[in-house]
Amino acid sequence: MTVLASHDTLSGDIAPDYPLLLTGGVCLDDGRTIFVRTVIKTLNDKDVRHCVLLKYDGSGWQSFLINNGITSQYASNVNGWTLHSLGYNGIIHVSSQDSESEEIIDGSRFGPSKLRWMYDIKQIGGQLCAVGMSRMAYRQDSSGTWNQLGRGAEVTDLVDIEACFRSIAGFSDDHLIAVGTKGEIWQCCNGVWQQMESPTNVILHGVLCCDDGTAYACGAAGVVLRLSNNSCTVVDNDE
């Protein structure tokens, strides 16, 4: 697959016409606009952090170059469309129809670094939330500032150095669920994180909360979990 539009309308650079690897995507709720996240294979093989973003709105394709490794994105209909692209290093690239800007989640020693990647960004209860390595969790307040989200999940022992939140979801802004390495499932109620019992020890990559109060998580080896009434069971999927 090659870049379908050569001019990068955000940065002014020309997006190379190289083979791309698809890494993810998001869509607006307008029923026609999608954003496909890709990397250029040759640059990816050299560990050059970048993202070529392809946007399609029913009328044609556009491409945008982001000079950072992007792990997750959230799209909204604000100002026509606004896309938050989460960098592994905690830098968020905010793109819209008319502008682009950057936000930094946390530059302290407890925040994102070369050893502490950020992995997921979602809007929960009207506010953006982001999670990553060392069970880092952040939420953006009304002023645009990113603050630590909840207490109790912090890594305090080197034994847990690889502990991670890979995905976050929520029923409301004060009832969140995050999943990650070694099958870990954590629940945050009113600002306090507590670990739930998990029936698996494989890494969990995604979690989704449904309107009926049930949450689902998925991970390695085809594992699918159902979380309901503070308990977790494996969903038999014959895989």
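The model is predicted, so local features need pLDDT of at least 70 and side-chain atom pairs count only at pLDDT 80 or more, while totals for chains, interfaces and linings use all residues. Residues are numbered from 1 along each chain as its sequence is written, and side-chain values use heavy atoms, leaving out hydrogens and water.

**The sheet**

- Strands of a sheet pair through backbone hydrogen bonds, either parallel or antiparallel.
- Here, 4 strands form an open sheet in the order 13-14-15-16, with antiparallel pairing. Strands are DSSP runs (E, at least two residues) numbered from the N terminus, and two of them pair if DSSP finds at least two bridges between them.
- Strand 13 (165-172) and strand 16 (192-196) stand at the edges with a single partner strand each, so one side of each has no neighbour in the sheet.
- From one strand to the next, the twist averages 25°; axes are lines fitted to C-alpha atoms, and angles run from 0 to 180 degrees between N-to-C directions.
- Strand 13 pairs with strand 14 (residues 175-180) in the antiparallel sense over 6 bridges, and Gly-170 stands opposite Leu-176 in strand 14.

**The cysteines**

- Searching the whole structure gives 0 disulfides; a disulfide is a pair of cysteine sulfur atoms within 2.5 Å.
- Cys-189 is in no disulfide, and its nearest cysteine sulfur, that of Cys-188, is 6.9 Å away.
- Cys-189 is partly exposed because its relative accessibility is 33%, whereas Cys-164 counts as buried because its value is 1%. Buried means under 20% relative accessible area, exposed over 50%, and partly exposed in between (1.4 Å probe, protein chains only).

**Ser-167**

- Ser-167 is found in strand 13 and is buried, at 3% relative accessibility.
- Its side chain reaches the backbone nitrogen of Val-207 at 3.2 Å.
- Leaving aside neighbours within four places in sequence, Ser-167 is in contact (heavy atoms within 4.5 Å) with residues including Asp-120, Ile-177 and His-205.
- Gly-132 is 35 residues apart from Ser-167 along the chain, and their C-alpha atoms are separated by 7.9 Å.

**Ser-85**

- Ser-85 has its place in strand 6 (residues 82-87) and is buried, with a relative accessible area of 0%.
- The side chains of Ser-85 and Gln-73 make a polar contact (2.9 Å). A polar contact is a pair of N or O atoms within 3.5 Å; within protein, one must be able to donate a hydrogen and the other to accept it, and residues adjacent in sequence count only if both atoms are side-chain atoms.
- Not counting residues up to four places away in sequence, Ser-85 touches several residues, among them Ile-66, Ile-70 and His-93.
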